[in-house]
Amino acid sequence: MALTQVSSNKCAGGYQKVYEHESVELQCKMKFAVYLPPKAETDKCPVFYWLSGLTCTEQNFITKAGAQQAAADNGIIIVAPDTSPRGCGIEGEDESWDFGTGAGFYVDATEEPWKNNYRMYSYVTEELPKLINSNFAADPDRMSISGHSMGGHGALVCTLRNPGRYKTVSAFAPICNPIGCPWGQKAFAGYLGADKSTWEAYDATVLAASYDGPKLDILIDQGGDDQFLSSSQLLPDHLIAACSAKKIPVVFRRQPGYDHSYFFIYSFMSDHIKHHAKYLNA
């Protein structure tokens, strides 16, 4: 699969790059960002996958999160894909900010007219890692995943559905129980249909309740003044209860005064990179 380099900028001793490719899963052109630390010039490096939230592209994380220096210091490649297919010409894909373009929800859609393109789960877990492993100095046996909001949901789901694949997982203000919140209900009804039993495969709280895999160490940061926490879109208490019942360790840090923005993510990003480095570089 051919990659076209869109941009390359020297950053923290390494390179922040953006590439474009024709996606088989999504049947459209897709962009992803990749940060290559200095170590990648001489050695294979572990890969930290970052899944962004609603309305984002690959640009939000690389320009706002400030993760590159910590990644350089720890010899970690960072891969940040887009949040949905783009320009598929599907009727209604650009009508709302929380469904369609920029809102793929990291599921494989089963409903018309979305099912042929909106396959972000398979893109993130299968197609993208193969692309990264074959084109960059990536160690395929050492990868981890993180994300924000919708992307935090995606990171948790990818980890819980694929025991042992990711060395660790973390999230910022994740949508923890999408079948129980308005964002998730809208997205899942549209992408997955009316049978709510099919929604459970993409709900971290449900998946945690039946998880039977290698020991996990989940780190979650949540802003105390996050408007989406108070409007019951995120529901972290539900996930914490499910993890507690299964004895899955979760470090949940409620950060007073912080909101849902990248200012919050920037403030604690280095903690998350260190958390991942502990397992990726073990």
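Helices (H or I, at least four residues) and strands (E, at least two) are taken as DSSP runs and numbered from the N terminus. The model is a predicted one, in which local features need pLDDT of at least 70 and side-chain atom pairs count only at pLDDT 80 or more, while totals for chains, interfaces and linings use all residues. Residues are numbered from 1 along each chain as its sequence is written, and side-chain values use heavy atoms, with hydrogens and water left out.

Ile273 is placed in helix α9, which spans residues 262–280. With a relative accessible area of 0%, Ile273 is buried, where buried means under 20% relative accessible area, exposed over 50%, and partly exposed in between (1.4 Å probe, protein chains only). Leaving aside residues up to four places away in sequence, Ile273 touches Phe48, Ala67, Ala70, Ala71, Asn74, Ile76 and Ile78, a contact being heavy atoms within 4.5 Å. For one of these residues, Ala71, the C-alpha atom is separated from that of Ile273 by 6.7 Å, although the two residues are 202 residues apart along the chain.

Helices α3 and α4 pack with their axes 11 Å apart and at an angle of about 60 degrees; axes are lines fitted to C-alpha atoms, for helices over the stretch in contact, and angles run from 0 to 180 degrees between N-to-C directions. The two helices α3 and α4 are therefore oblique to each other, given that angles under 35 degrees count as roughly parallel, over 145 as roughly antiparallel, 65 to 115 as roughly perpendicular and the rest as oblique. Tyr121, Val124 and Thr125 in α3 meet Val157, Cys158 and Arg161 in α4. By class, this contact of α3 with α4 has four nonpolar, one polar and one charged residues, with Ala, Val, Leu, Ile, Met, Phe, Trp, Tyr, Cys and Pro counted as nonpolar, Asp, Glu, Lys and Arg as charged, and the others, Gly among them, as polar.

Nine salt bridges are present in the structure, each defined as a side-chain nitrogen of Lys or Arg within 4 Å of a carboxyl oxygen of Asp or Glu. Among them is the pair of Arg119 and Glu25, whose closest N and O atoms are 2.7 Å apart. This pair links distant parts of the chain, 94 residues apart, with Arg119 in the loop between β5 (77–81) and α3 (120–135) and Glu25 in the loop between β2 (14–23) and β3 (28–36). Arg119 is partly exposed, at a relative accessible area of 23%, and a network of salt bridges links Glu25, Asp108 and Arg119. A further salt bridge joins Glu126 and Arg165, with 3.4 Å between the closest N and O atoms. Because Glu126 lies in helix α3 and Arg165 in the loop between α4 (150–161) and β7 (169–172), the pair ties together parts that are 39 residues apart in sequence. The side chains of Asp82 and Arg86 also meet in a salt bridge (2.5 Å, N to O); Asp82 counts as buried at 4% relative accessibility, whereas Arg86 is partly exposed at 28%.

Most residues other than glycine have a negative phi, and most peptide bonds are trans. In the loop between β5 and α3, Tyr106 has a positive phi of about 55 degrees although it is not a glycine, and Tyr106 counts as buried at 1% relative accessibility. Pro113 is found in the loop between β5 and α3 as well, and a cis peptide bond, with omega about -5 degrees, joins Glu112 and Pro113.
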